[in-house]
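Welcome! Take a look at the display first, then read on.

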Amino acid sequence: MRAKQMRRLSAATGSAALSADAVESAVCGYLALIALAGLAVNAIWRVSWADPVAALALLPLIVHEAREAMKGRPCCH
């Protein structure tokens with residue numbers, strides 16, 4: 001919710017910093033949601049491999065963001 005509002009505000013104001021913060025907030029939200037889902041499945045249904053699978057599901061997002069950061073590309077235009 002916060003990232004969506006920040007995206008709208010950054011579009012209205014033309015602020016690149018606010019747009020970058022909106023992207024960062026969205027990525028953090030996705031990371032937290034995936035990690036929480038793995039922990040919840042592990043806690044509720046005692047599926048011991050759910051948490052490691054959730055961690056592996058995070059890898060593509062983390063690797064993509066790392067590559068973009070190392071290339072010096074902006075996260076938004």
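Which residues are buried in α3? They include Ala50, Ala54 and Leu58. Please keep in mind that this is a predicted model.

**Helix α3**

- Helix α3 covers residues 50–71, and at 1.5 Å a residue its 22 residues should span 32 Å.
- Along the way, α3 has a kink of about 30° at Leu59, shortly before the proline Pro60.
- After α3 comes Gly72, which has a positive phi, near 80°.

**The buried side of the story**

- Ala50, Ala54 and Leu58 of α3 are buried, and buried here stands for under 20% relative accessible area.
- An α-helix has 3.6 residues a turn, so residues three or four places apart point the same way.
- Part of the cover over the buried residues of α3 comes from α2.

**A salt bridge between helices**

- You will find one salt bridge in the structure.
- Its partners are the side chains of Arg2 and Asp21, with 4.0 Å from N to O.
- This pair links distant parts of the chain, since Arg2 sits in helix α1 (residues 2–13) and Asp21 in helix α2 (residues 16–45), 19 residues apart.
- Arg2 has 54% relative accessibility, so it counts as exposed.
- Asp21 has 29% relative accessibility and therefore counts as partly exposed.

Terms used: Residues numbered from 1 in each chain as written. Predicted model: local features only at pLDDT ≥ 70, side-chain atom pairs only at ≥ 80, totals over all residues. Heavy atoms only, no water. Helix = DSSP H or I, 4+ residues; strand = E, 2+ residues; numbered from the N terminus. Buried < 20%, exposed > 50% of the residue type's maximum accessible area, 1.4 Å probe, protein only. Expected span 1.5 Å × (residues − 1). Bend = angle between axes of the 7 residues up to and from the residue. Contact = heavy atoms within 4.5 Å.
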